[in-house]
Amino acid sequence: MNEALLTLGFAMVTASILALSAVAFTLQYAVTNVANVSHGEILTAGAYAAYLVHQRTGSAIAAAIAAALAGGLAALAMHSVVIGPFIRFGASPTIVFIATLGMSFVIQNVLVIFFGASNVAYSLDPGPPQHLGPFLLTPLDVEIIASAIAITFVLYLIISRTKFGKALRAVSQNRELARVTGINATRVAAATFFLAGLIAGYAGFVLAESVGSFNPYFGFGFFLITLTAAVAGGLGRAFGTMVGAVMVGIILEFAGGYVSASYNLAFAFAILAIVILVRPRGLFTSARRTVFE
Amino acid sequence: MSAYFISILTEGAIFGIMALGLNVIWGWSGDFDLAYYGYVAVGAYMTLLLTIGPPTAPAHYILGLQLPYPLAVVIAVITAMAVGLVVGLIALRHLRGIYFSIVTLGAVYVIYVVAGQYVPLVDGYNGLSGLFDPMGDWFGLDYQSYQYFLMGLCLVMFALVFILMWRISGSRFGMALRTLREDERAAAAFGRDIYRLKLKGYVLGAALAGFAGALFAAYLSAFNPSAWSPVGEVIALYAAVLVGGRGNIRGVVLGVLIMGLLVQESTRFLSMLPGVGQFNTQHPQILLALRGALIGLVLVLFLRFRPQGLLPERRFVDRQPVGEAAPAST
């Protein structure tokens, strides 16, 4: 029982990072209705930016900001260079899926050219593990969980309380109708990608911290798990996605703890296949699709 | 003929068989299947398992039956078909579009992870090796002439596969697959069993993948997880099919030629640039990365600017459309 609680503690860390990554992915899906397969590379960009800035400045906060900004800019570039033009050109969601997969491959290889394919060791001092209730967590773990909760809360406020959030929800429900009412859908989508990129870039930084190293392929591996969480929660639905992320995080951590962590991807996809076959629209679907409900 | 030229032609023929198989699934049936290279891997692993000897410690793997190569190829193809059938049964039942792609992506990762991590099956990360010059001693070939023999074998097999695909392309089955790609509901309304047809196309594609994998195993004489990646290889295949012309088998062959030449020659040219060549000897992965970036870029640019490819599939036009055939009412 005690061991299970310990695992649950670690699972909360995984789930927090997964929730950030998955909510960023689902926001992009919400405003464009296409899956951005190069989402993982936003996390990779965040990890590299954080590493480079951390080496120069020695400040973890500067590194976190750099990661978020790099992620935001990467996502914005993906939207304005690839996804936006493809959507305007009238490409089907599958075509955009293939194109973003191609982009992800390009970005990974360009990163290999600049930084090499080997692992970069990068970790902050996690501090001594402490007992928090039944859990055993380091101060770094606590910071990761707290920051994920804070970011989610701010995101909730942005989407539910601001004018931009209203426009975002309108575009996600019906792009054409939103356009008719005077919303610049392309601009809202671009801004949403930037916002999602900020979150995903930060997630890349925290993920690199918690894993302790990264390489050009690191984001793609995590994207596969992100996809499981996002599909389980329902593509394009932020709240469902977060619940999906927590569930997938917990399942993976327990499976990894009791079986073997090397099978994590296979487990993630087993969950994914079951969810898609049984509830293709996500586990928590209602008739109406909204970003937050 | 230089060794370089022989290896290009052998690889090209094997790659061509893979591309023709992928064309059945993506070009005709219209499904973006990411598990495809998994079937190539199953074919290659299975061929090795059946032809090499039993494992000696510390290696672990199943079988090791030392069967003759042609028999091993047949069993390898059947195994790839069986794996394809299982994935197809799950993925093609209700899923289309990106959901199909996501599930097949999952399937190939499961194959990759199991092959790489579950050691007793195919010796995990070490993989299998030891298939030297299959059928070579039947004809008493030395190392040099064996290279020609294998090249000839691969080219002949490629030609046979091409002729088979040519026949299928114009057959009722080939036409029916294309109908599904264009409009599934209309095909269903005309009494087509969509699931069954798609499944047949999918298993045919997996068979060609397994066959290419079996030839690849003879060419490489070894296979292990670092010889393939679940997604990287399949992107190159998709790029070839797309560049040549999705659905048109002549186009697919053209695509394989173009991508082969583009990838080989451009990276060779790049390595001759001052600075880069020297850089390459220090960082051998740079050239591979340049190659990958180039393939991805070609894929994205073609999708955007010429999705029908260089040799587009011939569209069947109704010479007497229903609306016009009716007498004009004025």
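Residues count from 1 along each chain as its sequence is written, and chains are lettered from A in the order in which they are written. In this predicted model, local features need pLDDT of at least 70 and side-chain atom pairs count only at pLDDT 80 or more, while totals for chains, interfaces and linings use all residues; side-chain values use heavy atoms, without hydrogens and water.

Confidence next. The model scores ipTM 0.89 and pTM 0.90. Chain B has a mean pLDDT (per-residue predictor confidence, 0 to 100) of 88.

Now the rings. Rings of Phe, Tyr and Trp (its six-membered ring) pair if their centres lie within 6.5 Å; planes under 30 degrees apart are stacked, over 60 edge-to-face, the rest tilted. The search finds 26 aromatic pairs over all chains. One of them is Phe220(A) with Phe223(A), tilted, 6.2 Å between centres and 40 degrees between planes. Both sit in helix 9 of chain A, three residues apart. Helices here are DSSP runs (H or I, at least four residues), numbered from the N terminus.

Over to chain B. Phe100(B) and Tyr202(B) have centres 6.1 Å apart and planes at 85 degrees, so they pair edge-to-face. Phe100(B) is in helix 4 and Tyr202(B) in helix 9, so the pair ties together parts 102 residues apart in sequence.

Last, charges over rings (NZ of Lys or CZ of Arg within 6 Å of the ring centre and within 35 degrees of the ring normal). Arg93(B) sits over Tyr195(B), 4.5 Å from the ring centre. Arg304(B) lies over Phe89(A), at 4.4 Å.

Conventions:
Helices (H or I, at least four residues) and strands (E, at least two) are DSSP runs, numbered from the N terminus.
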